[in-house]
Amino acid sequence: MFANFNFENPGFFWLFLLLPIAIAWYIWKRNRQTAELKISSTKGFRAKSSLLARLRPVLFVLRLLVLALIITALARPRTVDVSTKTSSTKGIDIVMAIDVSASMLARDLEPNRLDATKSVAEEFVKGRPGDRIGLVVYAGESFTKTPITSDKAIVLKALEDIEYTNVLQSGTAIGSGLATSVNRLKDSKADSKVIILLTDGVNNSGFIDPNTASELAVEFGIKVYTIGVGSNGMALSPIGMTGNGRLQFGNVPVEIDEALLKQISDATGGQYFRATDNEKLEEIYSQIDQLEKTDIEEFRYYNYDEKFRPLVLLAGALLLFEILLRYTLFRSFI
């Protein structure tokens, strides 16, 4: 409730120290504020308490309230409404090309390579508020899952929907995945254009040679970071399908064409990374995030709503009320 409430001049609150001094002065002087008559005996007078005499301290209380309200008004209470606007001074367009072949269901990463990739990629997208991001998926062929967009909700939903199906031709067409990604970025006007290509196999499908696709990336000024996913040695991977359509798993050698991936990244000015477990995959995306930083300028707009005016008006009203009482009901006590 009071999160956006503050006082512009809180130093004026020191003036509240005057209140106990005023109270002490009033107590000391109250017996001297009425006329005194010295007589030898008061036996002939009947003691009678006056209601106005009892209520006379109300005048002093009103003065204290007026003083407290004026001090609070001097401190300038106000509410602050802060709105922010960010602008990217160096835009980066990024396309994530993700291998969705059957081997991405291997369980050397938890729960499997594909789900681990989706999870890390999701955090990467959330951490790039100033960039446009697109999504390409590929197996034996490739297609654009999401064109480059600044709407992160669309990208995150597309990432969530990625799963292995037999719709795409089996195999791993690295050249096709890279070429499709280049096609999404070639007309981009961004200061920096980046492809993050992730695979767990070797190029064994498709009609586009990976080296040709990397040459296209160089021609359009696109940097490619390549990631090889898979543990060293053997991995529990799909090896077939049962009659009821369920995948069968078995230990098979992990084969990643690291030489090709290094060649692509070197040619385009990027880097090659190897992710052998979930932690390493997270570290790789974090490294890429640091390598490709976007300069974001934040503008803050402050809207102040001053609250001292009602306090001043209330103080004035109480002061007038106190003066009215002093010169009417309590006139005989002045």
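**Salt bridges, a hairpin and a charged patch**

Analyst: In this predicted model, K280 is partly exposed, with a relative accessibility of 31%. Salt bridges that share partners also join E8, R76, R78 and E306 into one network.

User: Is D289 buried or exposed?

Analyst: D289 forms a salt bridge with R128, with the closest N and O atoms 2.5 Å apart. The pair links distant parts of the chain, as D289 is in helix α9 and R128 in the loop between α4 and β4, 161 residues apart. R128 has 3% relative accessibility and counts as buried. For D289 the value is 16%, and the cut-off is under 20%, so D289 is buried.

User: What is the bridge partner of M234 in β9?

Analyst: Strands β8 (residues 234–241) and β9 (residues 247–253) run antiparallel and are joined by seven bridges. Five residues lie between the strands of this hairpin, where G245 takes a positive phi near 90 degrees. In β9, M234 is paired with P253.

User: Where is E110 placed?

Analyst: E110 forms a negative surface patch with D277, E279 and E282. At 64% relative accessibility E110 is over the 50% cut-off and therefore counts as exposed. Its place is the loop between β3 (92–99) and α4 (113–126).

Notes:
Residues are numbered from 1 along each chain as its sequence is written. This is a predicted model: local features need pLDDT of at least 70, side-chain atom pairs count only at pLDDT 80 or more; totals for chains, interfaces and linings use all residues. Side-chain values use heavy atoms; hydrogens and water are left out. Two strands pair if DSSP finds at least two bridges between them. Helices (H or I, at least four residues) and strands (E, at least two) are DSSP runs, numbered from the N terminus. Patches are made of residues with over 30% relative accessible area and no salt bridge: like charges are joined within 9 Å, nonpolar side chains (Val, Leu, Ile, Met, Phe, Trp, Tyr) within 5 Å. Accessible areas come from the Shrake-Rupley method with a 1.4 Å probe; for residues, only the protein chains shown count as cover. A salt bridge is a side-chain nitrogen of Lys or Arg within 4 Å of a carboxyl oxygen of Asp or Glu. Lys and Arg count as positive and Asp and Glu as negative; His and the chain ends are not counted. The place of a charge is taken as NZ of Lys, CZ of Arg, CG of Asp or CD of Glu. Buried means under 20% relative accessible area, exposed over 50%, partly exposed in between (1.4 Å probe, protein chains only).
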